[in-house]
Amino acid sequence: VEDALVLAAKSFGEMGMHYLPIAARAVSAYIAQTIFNESEIVAVEHEAKAVLRWEQEYVNARPDREGKAFRLTQRFDLVSKDKAGKFWITDHKFVARILGKTVTRYTLSSQFHLMLWFGQALYGDDFGGARINLIECPEKADHPVKTLQLPVEPAPWAVRHFVRNVLDHEE
């Protein structure tokens, strides 16, 4: 891990080397998280793809939508499987501070709606949900790196209408 961090830091030049100690602390805290001790890693940086098409009820209302489709992709930071056999899609966010409002702003994020939609499509009843992994990484070496993993509470209406909303926007 250390060699990879140094190699990545060097690729960013002087700035990368300046932030290398902070990155090393963040990676150590990340690896120490319980999620890795309690789950099987299924995929890292996994790209999910779908083709979205209008549902027939919308085509009936607007015949000009017939045959229209849009490609959609998303990259999952981490897909894991817990001991109960449920799949979880996790997104990592580096933040200056972990606060309650930091978490709640993601509930209505389209990124997480898409994670929930893809999760249901890919894993069905075996889908546990989407998680956010917040990593608070202070610049000062004497301040500890904090992490917090939480399930993202689904917004059922938003997830249910996600495809239609995307298609409306793309049109």
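Which side chains meet in a salt bridge at 3.8 Å, N to O? I shall come to that pair after an introduction to the protein.

Good morning, colleagues. The structure is a predicted model, in which local features need pLDDT of at least 70 and side-chain atom pairs count only at pLDDT 80 or more, while totals for chains, interfaces and linings use all residues. Residues are numbered from 1 along each chain as its sequence is written, and side-chain values use heavy atoms, with hydrogens and water left out.

Let me begin with the overall layout. The protein has eight helices and five strands; here helices (H or I, at least four residues) and strands (E, at least two) are DSSP runs, numbered from the N terminus. Along the sequence, the pattern reads α-α-α-β-α-β-β-α-α-β-β-α-α. Of the 171 residues, 40% are buried. Buried means under 20% relative accessible area, exposed means over 50%, and partly exposed lies in between, with a 1.4 Å probe and protein chains only. The protein exposes about 10,600 Å², of which carbon and sulfur atoms supply 55%; these areas come from the Shrake-Rupley method with a 1.4 Å probe.

Helix 2 bends by about 50 degrees at Leu 20, and Pro 21 follows within four residues. The bend is the angle between axes fitted to the seven residues ending at a position and the seven starting there. Among the buried residues of helix 2 are Gly 16, Leu 20 and Tyr 30.

Strand 1, residues 39-53, contains Ala 48. Is Ala 48 buried or exposed? Ala 48 is buried, at a relative accessible area of 4%. Beyond its neighbours within four places in sequence, Ala 48 is in contact with residues including Leu 72, Phe 76 and Phe 118, where contact means heavy atoms within 4.5 Å.

Now to strand 3, residues 87-95, where eight of the nine residues are buried. Nine bridges join strand 3 to strand 4, residues 127-136, and the two run parallel; strands pair if DSSP finds at least two bridges between them. One of these bridges gives Thr 90 its partner in strand 4, Arg 131. Ala 96 belongs to the loop between strand 3 and helix 5 (100-104). This alanine, Ala 96, is exposed, with a relative accessible area of 69%. Ala 96 and Glu 136 are 40 residues apart in sequence, yet their C-alpha atoms are 5.6 Å apart in space.

Finally, the salt bridges. A salt bridge is a side-chain nitrogen of Lys or Arg within 4 Å of a carboxyl oxygen of Asp or Glu, and the count by this rule is three. Arg 75 pairs with Glu 45, with the closest N and O atoms 4.0 Å apart. That pair links distant parts of the chain, as Arg 75 is in strand 2 (residues 69-82) and Glu 45 in strand 1, 30 residues apart. Asp 91 forms a salt bridge with Lys 93, at 3.0 Å between the closest N and O atoms, and both residues are buried.

The pair from my opening question is Lys 146 and Glu 136. Lys 146 lies in strand 5 (residues 146-151) and Glu 136 in strand 4, so the pair ties together parts ten residues apart in sequence. Lys 146 is partly exposed at 44% relative accessible area, whereas Glu 136 is buried at 10%.
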